[in-house]
Every structure is written in structure tokens, then in C-alpha cells.
Amino acid sequence: MSFTIIPVGTEIDFLGRTRLFVAISLLLIGGGMVALFLNGLNQGIDFKGGTVVQIRTQEVVPLDEVRDALRTVGLGDVVIQEYGSPRDLLIRTAAGDEEVGAKIKASLLKQFGDKQVEVERQEQVGPQVGADLREQAILAIVYALAMVVIYITVRFEFKYAVAAIIALIHDVALTVGAFAVTGLEVDLTVVAAVLTIVGYSLNDTIVVFDRIRENHRENIQLPVTDVINRSVNETLSRTVLTSGTTLVVVIALFFLGGEVIHDFAFALLVGIAVGTYSSIFIASPVVALWDRMGRKDEEADGDAVSSSRA
Amino acid sequence: MSKILLWKYAAIVVVIGAALYFLLAPNEKDKPFNLNLGLDLQGGVHLVMGVQAKGAVANHVSRLVDEVLAEAKTNKIYTLSARSMSPTRQEITFAAPREREKFKEFVAREYPGLIYADVDERHGTLSLAAEEAKRIEDFAVEQSLEIIRNRVDALGVAEPTLQRQGKDRLLIQLPGLDDPDAAKRLIGRTAVLEFKMVDEEVTPEEALAGKLPPGDEILYERTVDKVTNQVLKRTPLVVKKRAVLTGDMLTDARVNIDRQYNQPYVGLQFSSVGGRKFADLTQANVGKRMAIILDGNVYSAPVIRERIGGGRAQISGSFTMEEARELAIVLRAGALPAEVSVLEERTVGPSLGADSVAAGKLSMIVGGVLVIVFMAVYYRFFGLVANLALVLNIILILAGLAGLGATLTLPGIAGMILTVGMAVDANVIIFERIREELRMGKTAAGAIEGGYDKAFSTILDANVTTLIAALVLFQFGSGPVKGFAVTLSLGTVASMFTAIFCTRALFDGVLATREVRTLSI
């Protein structure tokens, strides 16, 4: 006998609990949006402009000493934080002029000497480039969503495309919300992660949709709700397995991939978990809902016709 | 075994062979597996420079207007002054309304590239045609790129990338370099070298008090603290505005050491025209001072003692060896036609890059092993086959990167790790289908066939959507993000081949050679 995670013949009534899951999702998205409204997103220098200098010190240096050393430069608001280990520090300022990085380095070297401090990374983005990158990032997400709607409309039907997009917006909203709540930094790689989530979540959704379409074709007399429920159940073990293997590698990346890629891995982690959830609990019910509404419209139209005839 | 199956095996062997060739073929640069590592992995400097191309136009216009006014004067057309209105337009004031009419005629005849327009009786404007301005801007950007390329080449960076980006931006990537400030000094310096005569008739104090003779300007000689880079002192100097000689007459610039003071200086070699001009100039001005000016700063203003022949001159000052070397490089490569500024800079030190590679490898191995163990336990024999496909998939991604000459970045490694998770997806979809077919009572061969057939369109649709996302990423992304998009796309395409085509061929081979009753799935 084979191993199975989901027992054969599982019949969970997913659609019956649509309201519950929609309520949960709305609550979570709502919470994220409140955080977004209150805190905003912690935009990295990619979008805001500014300077980041990452240094490694030979011994642990108190943050206050670093702060004092930098005070002489007069850069205004300087944020200093540990970056993965007490010896790795990240210094960021909103100033994005050419000389800022050099000034920071010079004052640190003067204070601690070049044996003590090593500059590992220095990034500086001017405000104009930041604005350009932000615009490009937003455009990229919009383009990706638009192209996906077109593809699903061509391959399936428009109602599937609508459901897939609602699920996608749900996933993106929850991921963005997670960044607003945690205050983790949003930079270019996080946008890349969000676009990956768009692809991945769709991947999941499409596997379920494919089965719905197949089952619908083979059992045309069956009520749509039953077809959808059956399809979600039939693909459940695949959904859980694939999400499982993907999550395993992303968790490995999150914990072992290093500080530079940490936020990126976090976005993937949230996105993949949420994407799996949405293809089961959000996308499929929306197809059912759309179908029901379409049917009602038809009936209403029919009534109108019959009443006008009367 | 059927002929088709043999062909399939041949195809697989060819693909694997090609992949191994791309990865293992010897290369002159000793790159591991022929992979280009991104700046975030090998360390280096990434710069985006903005060219102030409008400035080049303004320079061109003011030079042109000066020339026009001087020519007009030799033709006995008298103008009083010119004032810049915009980069492409200057307002001319005439001595008398009559001069205006003569001037108008003169410009139309001699300078068809300039557009004249009346303002009032005593004023008119000269402007540059819009297309001409655009052409000059475009040329300034291209020329800046070429000059910066020459400067970078002198820096001795292996495999630098220099590209024009959009209308007026330059992308510069210098792998292996970890001092961004030196690079910026070298790349960002305009390096306009001018020789101007010092006006001895007024003292700088008088000029500063407002008695600056027309045609003169005040420039400064700066004394800079070597350690803090702070300007300690600015000494004013009154010079004639018009340069008697400029840096475009140079053919060479080299660092030399002054034996007497053990000080580095930059020796200049003029072209033959420049050399003659310099000789005449020095002969005519013995006893006077000539200022050597770089980017508007006076470097020195020595007294001319005698006629200097042979086309040689030198710039001395209190340079360090490094400064002298940089100065020689920028003078040799020539002046930028417009000012450039750093818009974006990303520098990664080599040790951080190595850390990133190590962390990426570790998470890939840990994630990969977990997935492989899971697949083997869950799907047994089929799982092992899927694992083979997975390993092949990773090899194909790397080979694809090597073959395309694409760059592996840190997010690119993340993309590969992600692909490990997603590549088994195709096999999971297929194997779950096969299990379903078996439960419906199909034979081993029938279940495999049914499973693959039914799973195919699902996998195709699912992968196309991932590819769409990757494509958009590639379009919009820069550097690291682009690397991610490339590995994600390669992984998705490769998984279609490894997880579907290769595994199927393997199972069909087993089915063809022996009688299989039950499947280990």
C-alpha cells in the first residue's frame, strides 16, 4: 500500500464553509490594510532613495559608539541595526547623494580604524531612480495580472479568470499586509517575490480549475457545487504535497539563505502558504458564486421575457 | 523496444551531453562551470550615471553664440551682450536698431543652423533648432559612454559592462572592484582642462569687491586636507574668461615623479597643432602667469619663463600618487561633453559575495535533500525517478545559464531553490493521477499512460502562468532580479522536459523490457 497524506475518498465540503473562509480572509486582509494605513510600508532605498552601508566589525561594537561616530558627519536621521549577527551592522539614511557613502565610511574608519571595520556593501539610490523603480514595480505587477487574465480567459472561461484574479489579489493583499504588519523592508527583490507568488498561486489555482473543467465535462448533469467540491477534494493531495515540498525549500532558504535574501524568502513563505489556501478556499468558491449569479441572471432574463409576453 | 522510444533516449542523451559541454568546456577565465556570477555574488561596483545632456547643449549654444558675435564684430555688426534664456536660447542686445537688421541678415546667411527672432528694437534671440539640440544631447550621451569606457579600461577591470540605459543614463558594472569611491572619482569627473591667462591688471581683492573687468572671471585654487577631504583654503585668482588652449589638444598624459621634491606630477603631451599653439603662446607671454584649470578649479598658475617648445607641459600640485594617476587617466581619455552624476550605486564586497554563495548553496542542499528524501519515501520507485529528473533539472538550469551567458545572482540561486520545490510538482501531479487510474482498476501500463496524458494539459497551463510572471520580471527587473527571472524561466522550461519527457521515457523503457504487474508508487 502507498503512503497517502490525504486519505483516498476524502470528501470535505469546502463550498459549504465558503462564508467562514471568506470571513477569515476578509478579516486578515482588513487587518493588513489597517496596518498599511497606519504604518505604511517600510520601503527600502530602492523605492525611497537613500543610502545603505553594511559593515562587519572585528569585535562587537556598541551601536551607540557607531551612532556617535556618525553624528559628526551630519546626515540627519541615521538608522543603525544589527544585521544577522552583532558584528554585522546595517546603517541607513534617507540621504542619497553621491558622497554620503564615502562620508559614512570615512567617519567609521577614523573612529575605529580600518582593521576594525570592513565595508561589506554600500548602496545608494537617488530619489529619481527610486521613483522610477517604484513605478516600474507597480507596472510590472499590473502587467503580470493583466497577462494572466488574458491567458486564463483564452484557455478557460472568463469566470475562471475572474476567480483566479480575485484569488491573486487576495494573495498579494495578504502578502503586502504581512509586510505592513511586520514592518519588514520592501525592496526590489520583494517585488520579485510577489510576482513569483502571482505565478505560483495561479499554478495552484489552475490545477484545481483544470479538474473542475474536466469533471464538469464528464458529469454535465451534476450540480456545479458538487463538481467543484469533488474537484478540490481530488486535487487536495497534490495541492498539499506540492505546497509542502515548495514550502520546505523556502523555509530552508528563509533560515539558511542569509540576511540579504531574508525578506525575499519571507515574502515567498507567506505568499506560498496564502496562495495554497486561496486556491482551495477562495478561487473555487468564487467560480461557484459567479456561476450561481450568472444562472440567476439568466432566470431573471427568462422571467422578464415571459412577463413581457404575458 | 520501439523505435520512438529509442529516439527519445537519443534526444535525452544529446540534451545531457550538450548540458555537460556547456558546463565543463574549458574557458580562459577559469569560471566554475562557466557561470557568470553577478556582482552580488562575486563582489563589485554597479553604477547608474545620469548624463546632464542639456548642459552639453547649453555649452554648444554659448560657444556658438560667442563665435557668431565675434564674427559679427569682424563684419562691423555691433552687439552689446548675450544672455542665456534657456539651454537652447540666448538673447542678444544690439547697439542700435540698425545693427539688428544687419545681424539678422548675417545670421541667416552664415549660420543656417541658428534661428533668429526679434524681441524688440534693440533685442533679438538666437536659438538652436529642436532636432539639432536633440542630436547634440544624444551625441553627448554616446560620447560620455565612450570616454567612460576608455577610463574604465585604464582601470584594468576584467569584463566591465557599460551600457546606455534609456535616454540619458549609463549603466556601469565593474566586477571585482570594491572601492566605489575611486571608481566614482574616475568616472564622474568631467575633466575639462583649460589654460587661461591670469589678468595681472586687477588684484583678486579688487575683483571680488566688484571691479571685475568684462571678459574676466574669478576662479579658485583649493587646498584640500588629505585625510578628511575638506577644503581648507580657497585662493581666488582673476583670469581671462577665454581659454587659450584646452585639453582636447592633448595626445597623452602620464604620471612622472619630480626628482627634486619627490612629488608626482602629470606630464602632458600636446598634439602637433596644440604644441605649436602652446609654443607661440608661451613666446608671446613670457613673464606672465598662465593658469591651469581642471573642471573650473585652478591647479597651478606658474609664471612663463621662456618659450616652451616640443609640445610638453606639466600639471603639478600637491597630489598623492593615486590622485596623479587618476588625473592622468581622465586627461588621457578626454573630457566628458557634459556633467555626469551618480544616480544609483550598489557595491558588494567580495567576502559578502562569498558568504551569499555559501548560504545559497547550503539552503539549496538542505532543501533539496529534504525534498528528495520525501519523494523517495512517498512515491518509492517513482519517487526515485522523479529525483533523477530533479537533479537533471538543476544541471539543465546551470547549463542554460552557462550556454546563454546569463548571470547567476543571489535571487537567481533563490529561483533555483524554488524550482527544486516546484519541479517535483509536475511529477506529483502525474503520480497522483497514476494512483487514481490504478484505483479505477487500470493495468500498470494503462495507468501510466492515462496519468501522463491527463496531467499534461494541467502542467502546461500551470507552467505557462509561471513563465508569464517570469517574463514580466525579466522585462522590468534589473541585475539581481533579472537573474531570478532567468533561472525561474529556465527551471520551468527544463522541468517540462525532465519531469514529463524524461521520466515517461524511463517508465516506458521499464515497461517495454519486462512485464510489470504492480507499480511501486
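In this predicted model, the axes of helix H5 (residues 130–155) of chain B and helix H9 (residues 321–333) of chain B approach within 9 Å and cross at roughly 145 degrees. The crossing of H5(B) with H9(B) is right-handed. On the side of H5(B), the residues that take part are B:Ile147, B:Asn150, B:Arg151 and B:Ala154, and they meet B:Ile329, B:Val330 and B:Ala333 in H9(B).

**A strand pair**

Strands also pair with one another in chain B. Strand S7 (residues 161–165) and strand S8 (residues 169–175) of chain B run antiparallel and are joined over five bridges. One of the residues involved is B:Leu162, whose bridge partner in S8(B) is B:Ile172. Three residues lie between S7(B) and S8(B), which together form a hairpin. In the turn of this hairpin, B:Gly166 has a positive phi of about 65 degrees.

The elements described so far are collected below.

| Element of chain B | Residues and partner |
|---|---|
| Helix H5 | residues 130–155; axis within 9 Å of that of helix H9 |
| Helix H9 | residues 321–333; axis within 9 Å of that of helix H5 |
| Strand S7 | residues 161–165; five bridges with strand S8 |
| Strand S8 | residues 169–175; five bridges with strand S7 |

**One residue in its setting**

B:Ala455 is placed in helix H12 (residues 444–476) of chain B. Is B:Ala455 buried or exposed? B:Ala455 counts as buried because it has 24 C-beta neighbours inside 10 Å, and the cut-off for a buried residue is 20 or more. Leaving aside residues up to four places away in sequence, B:Ala455 touches B:Ile429, B:Ile430 and B:Arg433. B:Glu71, by contrast, is 384 residues apart from B:Ala455 in sequence, and the two C-alpha atoms are 82 Å apart in space.

**The chain as a whole**

Overall, chain B contains 13 helices and 19 strands. How does the extent of the chain relate to that of a compact globule? For 521 residues, a compact globule would have a radius of gyration near 24 Å, whereas chain B has 35 Å. Along the principal axes, the C-alpha atoms of chain B fill a box of roughly 110 × 60 × 40 Å. Of the 521 residues in chain B, 42% are buried. Among contacts in chain B with a separation of 6 or more, 70% are between residues 24 or more positions apart.

Notes. Residues are numbered from 1 along each chain as its sequence is written. Chains are lettered from A and ligands numbered from 1 in the order in which they are written. This is a predicted model: local features need pLDDT of at least 70, side-chain atom pairs count only at pLDDT 80 or more; totals for chains, interfaces and linings use all residues. Helices (H or I, at least four residues) and strands (E, at least two) are DSSP runs, numbered from the N terminus. The radius of gyration is taken over C-alpha atoms; the globule rule is 2.2 Å times the number of residues to the power 0.38. A residue is buried if 20 or more other C-beta atoms lie within 10 Å of its own, exposed if 12 or fewer, and partly exposed in between; C-beta atoms are placed from the backbone. Two residues are in contact if their C-beta atoms, placed from the backbone, lie within 7 Å. Axes are lines fitted to C-alpha atoms, for helices over the stretch in contact, and angles run from 0 to 180 degrees between N-to-C directions. A crossing is left-handed if the near helix is turned anticlockwise from the far one by less than a right angle, and right-handed if clockwise. Two strands pair if DSSP finds at least two bridges between them.
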